[in-house]
Amino acid sequence: MNPVYSEASAQLGDLMARQGIKLVYGGGNVGLMGVIADAVLAGGGIGIGVIPQSLVDREVAHRGLKELIVVETMHERKAIMAARSDAFIAMPGGFGTFDEICEIITWNQLGIIKKPVAFYNINGYWDKFFEMIDHTVSEGFVKLDHRENLIVESNPEVLLQKIREYSDTTSDYWVDFKRI
């Protein structure tokens, strides 16, 4: 992995600690989220992890967190993280990241939650993802206001500022029934 991802993740974690932002995340000690958690803790911040027992058994649980919630399933994990979070930041990642952030986008779209969803666009990582989302808008599968409601930013300070200034601008309807 390009070290630019770890460096930017540590920068975000440090910034979160300095701004008094609690970290609620999947509870691991590996990957970019492990880097962020370490930076938050090193900066005197608070980290809360939610992790399934199967990952604890694989010894990937972060043991330095203020609170580590161990659950049985990934569904429980995602529900608790969604309930305990005020906003969401998608870091560069793989299938698990895609799964979790797409579920949160969908929950916002359906009105289950109304919370900021942001993408930390380190090294242009999310550019192709947003090309696909823009294609879904142009083809009429996603409404433009739902696309515009997503925050995409490469500067961590601006990212956190945009989250603080977030105002949900989406309509109550996610399907244009006239087009179907």
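The legends below describe close-up views of a predicted model. Residues are numbered from 1 along each chain as its sequence is written, and side-chain values use heavy atoms, with hydrogens and water left out. Because the model is predicted, local features need pLDDT of at least 70 and side-chain atom pairs count only at pLDDT 80 or more, while totals for chains, interfaces and linings use all residues.

**View 1. The open sheet β1-β2-β3.** Three strands with parallel pairing make up this open sheet, in the order β1-β2-β3. At its edges are β1 (23-25) and β3 (67-71), each of which pairs on one side only. On average, neighbouring strands of this sheet are turned by 10 degrees against each other, direction ignored. Strands (E, at least two residues) and helices (H or I, at least four residues) are DSSP runs, numbered from the N terminus. Two strands pair if DSSP finds at least two bridges between them. Axes are lines fitted to C-alpha atoms, for helices over the stretch in contact, and angles run from 0 to 180 degrees between N-to-C directions.

**View 2. Strand β2 and its surroundings.** Strand β2 (residues 47-52) runs parallel to β1 and is joined to β1 by three bridges. Is β2 largely enclosed by the rest of the structure, or is it exposed? Six of the six residues of β2 are buried, so the strand is largely enclosed by the rest of the structure. Gly47, Gly49 and Ile51 are buried on one side of β2, and Ile48, Val50 and Pro52 are buried on the other. Buried means under 20% relative accessible area, exposed over 50%, and partly exposed in between (1.4 Å probe, protein chains only). In a regular strand the side chains alternate between the two faces of the sheet.

**View 3. Valine 24 in strand β1.** Valine 24 lies in strand β1 and stands opposite isoleucine 48 in β2. Leaving aside neighbours within four places in sequence, valine 24 is in contact with Ile48, Met81, Arg84 and Ser85. Contact means heavy atoms within 4.5 Å. Valine 24 and valine 50 are 26 residues apart along the chain, and their C-alpha atoms are separated by 7.7 Å.

**View 4. Helix α4 and lysine 78.** Helix α4 (residues 74-84) lies across β1, β2 and β3 and runs at about 160 degrees to β2. Lysine 78 is found in this helix. Lysine 78 counts as buried because its relative accessibility is 11%. Which residues does lysine 78 contact, leaving aside its neighbours within four places in sequence? Lysine 78 is in contact with Asp99, Glu100 and Glu103.

**View 5. The open sheet β4-β5-β6.** This open sheet has three strands in the order β4-β5-β6, and the pairing is parallel. The edge strands, β4 (88-90) and β6 (151-153), each pair on one side only. Neighbouring strands here are turned by 25 degrees against each other on average, direction ignored. Three bridges pair β4 with β5 in the parallel sense, and alanine 90 stands opposite phenylalanine 119 in β5. Strand β5 (residues 117-120) also pairs with β6 in the parallel sense over three bridges. Alanine 118 has isoleucine 151 in β6 as its bridge partner. From β5, Val117 and Phe119 point one way and Ala118 and Tyr120 the other way, and all are buried.

**View 6. The largest pocket.** The largest pocket has a volume of about 1,200 Å³. Its lining has 44 residues, of which Val24, Tyr25, Gly26, Met33 and Ile89 lie nearest the centre. Elements that each supply at least two lining residues include α1 (3-18), α2 (31-42), α5 (95-110) and α8 (156-164). By class, the lining has 27 nonpolar, nine polar and eight charged residues. Ala, Val, Leu, Ile, Met, Phe, Trp, Tyr, Cys and Pro count as nonpolar, Asp, Glu, Lys and Arg as charged, and the others, Gly among them, as polar. On a 1 Å grid over the protein atoms alone, a pocket is an open set of points where a 1.4 Å probe fits, with protein on both sides within 12 Å along at least five of seven lines; lining residues have an atom within 4 Å of a point. Grid points are joined across faces, edges and corners, and a volume is the space filled by probe spheres set on the points.
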